[in-house]
Amino acid sequence: MTNKTGLVFFPAFDYAISPTHPEREERLLYTQDQVFEEGLLDFDNIKEFKPGLATKEDIQRVHFCVPGIDEIVHASHLIAVGGCITAADKVMTKEVDNAFALVRPCGHHSFRVVHGSRGFCTLNMEAIMVEYIRHKYGVKKIAIVDTDCHHGDGSQDIFWHDPNTLFISLHQDGRTLYPGSGFPSELGGPNAFGTTINLPMPPDTCEEGFLYVLDEIVMPILEEFKPDLIINSAGQDNHYSDPITNMKFTAHGYAVLNQRLKPDLAVLEGGYSIETALPYINTGIILAMAGMDFSHIKEPDYDAEDQKQPAAIGAYLEKLKDATFYHWNNREALREQVYPQQEFHQRSQDVYYDTAGIREHINETVRSCTECGGTVVIDSQCEDTRSHILAVQIPRYACAACRSHGEAEYEKAKTGRGEYTQVFLQDKDNDRYLSK
């Protein structure tokens, strides 16, 4: 059975970190050529849509941009995010069954607070799309499955305290690759414990290993969580030919993954083998999402012998499965161990913006709550930019106590003695964003 599949392309011709940087416009130009050569747009069930333009309100539902959106966001970011929103609208209004936003620049390394670009990312496209869908269409339970080779640390940060978002990241072990995070013990905040799931895999994991993790871990957890929407944060740098990673996934494997995952929405993230991988991977994903035959999709240099996975990797993934389900099945008891009963919990993070060369220190406090995700207060300081901000996030579906706490914290900081260069309030339920 075929599906109606929407495509949104945005190569961002006027945006590049540098002329030779791997995150550049050619990442999508070769894919567009392949789509045209395969004649995919000649099929009645595959339709291309033009990207829209994200608004400041869309961004402010997720991010605290310092000092402001205009200072750090490029027009191409707004169109890339707008392309994701266009894809979401087409799915939510049932014009198509699913959609793939093939846009750049990428976004899953962008945290809630944004001082600049890191990991090639400035705005978190999937997170902005999620909050747009919730704001406009009222969808509550959403799952994001991040298949980029790098851990989606920005998406994890944004949804760390959100019990209604299941974030699952399949990635190369952080001990061997940027950003050095994404371990099984990272399980979420006190009010959303267990809804963050990290599946780090050893270098040289092949198609066999990826599909094992999908079938044996990801799909059973998704079935139990029962999301209303599934989003694939579709990074493609797990490919065996990618120049900056060490994995051995294939174009066929990516197609099978999407055939089984059945995402409602897919958003392009990483993938830097511009000529020898991305056109084949993207074509395979499109065909899989459209419910069409993708058996002919194969890279010119594909070697079946290179896909024989070492037994040690298989054994490791079996242990990863056991550990993941131990955490998942015992998440309530484990939460009480990790987060003892108290009114507030704190965590600190040091974030390095490798693209912008900025160092940030974050102190974060969340109110413990059994009714909602809890109000979050973020103290963020950057010596490099001499900024020191306080950001208050009142969560979506906030209870009265968390709303009252958030408003009080904002007023206290706003009327303080000038300790902060800026003070922000983000009120998701009322679609309100204040900055002073």
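Q: Which strand and which helix each supply at least two residues of the lining of the largest cavity?
A: Strand S8 (196-201) and helix H10 (311-329) each do so; helices (H or I, at least four residues) and strands (E, at least two) are DSSP runs numbered from the N terminus. The model is predicted, with local features needing pLDDT of at least 70 and side-chain atom pairs pLDDT 80 or more, while totals for chains, interfaces and linings use all residues. Residues are numbered from 1 along each chain as its sequence is written, and side-chain values use heavy atoms, leaving out hydrogens and water.

Q: What makes a residue part of the lining of the largest cavity, and which residues are they?
A: A cavity is a set of points on a 1 Å grid over the protein atoms alone where a 1.4 Å probe fits but cannot get out, and a lining residue has an atom within 4 Å of a point. Pro-184, Leu-187, Thr-196, Ile-197, Asn-198, Thr-324, His-327 and Trp-328 therefore count as lining the largest cavity. This cavity holds about 60 Å³ of space, and the structure has 2 cavities of 30 Å³ or more.

Q: How do the residues lining the largest cavity divide into nonpolar, polar and charged?
A: There are 4 nonpolar, 4 polar and no charged residues.

Q: Which residues line the second largest cavity, and how do they divide?
A: Phe-111, Arg-112, Val-113, Asp-157, Gln-349, Ile-362, Glu-364 and Ile-378 line this space, whose volume is about 40 Å³. They divide into 4 nonpolar, 1 polar and 3 charged; Arg-112, Asp-157 and Glu-364 are charged because Asp, Glu, Lys and Arg count as such.

Q: Why are Cys-369 and Cys-372 called buried?
A: Buried means under 20% relative accessible area (1.4 Å probe, protein chains only), exposed over 50%, and partly exposed in between. Cys-369 has 13% and Cys-372 has 7%, so both count as buried.

Q: How do you know whether Gly-253 is buried or exposed?
A: Its relative accessibility is 0%, so Gly-253 counts as buried. The residue is in helix H8 (residues 251-261). Beyond its neighbours within four places in sequence, Gly-253 is in contact (heavy atoms within 4.5 Å) with Glu-207 and Leu-211.

Note on methods:
1 Å grid on protein atoms, 1.4 Å probe; cavity = no way out; pocket = protein on both sides within 12 Å on 5 of 7 lines; lining within 4 Å. Points joined across faces, edges and corners; volume = space filled by probe spheres on them.
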